[in-house]
Amino acid sequence: MILPSNNRLTPEQLVEVTRIVEAFGCQIQPIVGAVRTIYAIVGDERDELMINRLEGLSYIDRVDKIQSPHKLMDRRSDLATHRIKIGGVTLGTELLVIAGPCTIDPKNPELFYETAQAVKEAGAHVIRGGVWKPRTNPYTFQGDSKSLEILQEARRRTGLPVDAEVMDEHQLKLALDAGVDMLQVGARNALNYSLLRAIGKAVAERNTIVLLKRSLHMGPLNEFISAAEYIAAFGNPNVILCPRGTSPAPEGYRNYPDECITPLLKEKTWAPVVVDPSHSVGRAAYVPACALAAVAYGADGLCIEAHVKPSQGIGDDPKQALTPAVLAETIAQAKQIWTLRRPVKTA
Ligand code: PEP
Ligand code: MN
């Protein structure tokens, strides 16, 4: 990873740097951070002569040789100072809340507009709403592209950014054309490397944020962080990690709540962690406790399913959506826990 002395290389400097690395069979991928651009060396970056030539340039501060499969997302990466912003929140400085229904009902847009307004009033910063849904049962409602217009309208009415899941490249294009601010990669696609690559390429020139859910099966944490690296490697480092419960579950819960991995993730990566308690426990009655535990574990935010009339919702809403009143109370308590958090002294 090449760190220039100034915030970014000039076009002439980039040409010179590219010529050097290409002579060693490598390429350059600029990663545009909020303040600074860094330059990943794609290929085998261990050649001492290449490093020496790069470090010999007057406008290069240093070349980092982080030996990590996720060198951009690594806590030691220069991107560690990168801050992701959405809905008026800078991740890490205050609790980010993403809330809304599991699934938008295209036959009842008013219910979504009402919910969007209500979750905004409850304190959410981003409105979520499933347009296309990954359903275990192929005979159930799979989503509808028409819901994208409903999502756009809710964005106009509330003034808040919106989040929706995409499952393939066609949906990705539609969502980006519609101005979806946050793209969700669901648990079932969290290890779909061609989709992750396609998303990385598509968001490279944009401010879009990607909410990457953890895969359903309890894989090693490096696998989760490396999935984020697939996206960031194309130039947009705005990736948020979202633990959402893994399988198998203790009897009574939908999944095995995994908010407890937050401190471990934070040790390895600078990426913000936004926990989804709704899919973890899968029942509205258990969601607030799981949300509070997530914040106690150090989460930067929460992604919670909420609906004005859960019983009239579709998808997961009748079982796991919080009402706006319970959401507001959960957010208030979560903020209290946030203020109690202190960096723990280990020595
Ligand atoms: C969802 O957010 O509604 C969803 C389907 O999430 P996950 O991919 O975590 O199951
Ligand atoms: Mn859901």
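User: How far is the side chain of Arg128 from an oxygen atom of ligand 1?
Analyst: An N or O atom of the Arg128 side chain sits 2.8 Å from an oxygen atom of ligand 1. Keep in mind that this is a predicted model.

User: OK. And what about Lys213?
Analyst: Lys213 has a polar side-chain atom 2.8 Å from a ligand 1 oxygen. His279 has a side-chain N or O atom 3.1 Å from an oxygen of ligand 1.

User: How much of ligand 1 does the protein bury?
Analyst: The protein buries 98% of it.

User: Which residues come nearest to ligand 1?
Analyst: Arg128, Lys133, Ala187, Lys213 and Arg244 do. They belong to a group of 13 residues around ligand 1.

User: How does that shell split by class?
Analyst: There are 7 charged, 3 polar and 3 nonpolar residues in the shell.

User: Switching to the metal. Which residues hold the manganese ion, ligand 2?
Analyst: Its protein donors are Cys102 through SG, His279 through NE2, Glu305 through OE and Asp316 through OD. They lie 2.2 to 2.5 Å from the ion.

User: What spacing do the donors follow along the chain?
Analyst: The pattern is C-x176-H-x25-E-x10-D.

User: Where do Glu305 and Asp316 sit?
Analyst: Glu305 is in strand 14, residues 301–305. Asp316 is in the loop between strand 14 and helix 11, which covers 317–320. The two are 11 residues apart.

User: Are those two buried or exposed?
Analyst: Glu305 is buried, and Asp316 is buried too.

User: New topic: Ile150. Where is it?
Analyst: Ile150 is part of helix 4, residues 147–158.

User: Why does Ile150 count as buried?
Analyst: Its relative accessibility is 6%. Buried means under 20%, so Ile150 qualifies.

User: How far apart are Ile150 and Pro106 in space?
Analyst: Their C-alpha atoms are 7.5 Å apart. Along the sequence, 44 residues separate Ile150 and Pro106.

User: Now the whole chain. How many helices and strands?
Analyst: The protein chain has 12 helices and 14 strands.

User: What share of the residues is buried?
Analyst: Of the 347 residues, 55% count as buried.

User: Last one. How does the radius of gyration compare with a compact globule?
Analyst: The two agree. A compact globule with 347 residues would be near 20 Å, and the protein chain has 21 Å. Its C-alpha trace spans about 65 × 50 × 35 Å along the principal axes.

Technical notes
Residues are numbered from 1 along each chain as its sequence is written. Chains are lettered from A and ligands numbered from 1 in the order in which they are written. This is a predicted model: local features need pLDDT of at least 70, side-chain atom pairs count only at pLDDT 80 or more; totals for chains, interfaces and linings use all residues. Side-chain values use heavy atoms; hydrogens and water are left out. Donors are N, O and S atoms within 2.8 Å of the metal (3.2 Å for Na, K and Ca); water is not among the atoms, so sites may look incomplete. Helices (H or I, at least four residues) and strands (E, at least two) are DSSP runs, numbered from the N terminus. Buried means under 20% relative accessible area, exposed over 50%, partly exposed in between (1.4 Å probe, protein chains only). A residue is near a molecule or strand if one of its heavy atoms lies within 4 Å of it. A polar contact is a pair of N or O atoms within 3.5 Å; within protein, one must be able to donate a hydrogen and the other to accept it, and residues adjacent in sequence count only if both atoms are side-chain atoms. Accessible areas come from the Shrake-Rupley method with a 1.4 Å probe; for residues, only the protein chains shown count as cover. Ala, Val, Leu, Ile, Met, Phe, Trp, Tyr, Cys and Pro count as nonpolar, Asp, Glu, Lys and Arg as charged, and the others, Gly among them, as polar. The radius of gyration is taken over C-alpha atoms; the globule rule is 2.2 Å times the number of residues to the power 0.38.
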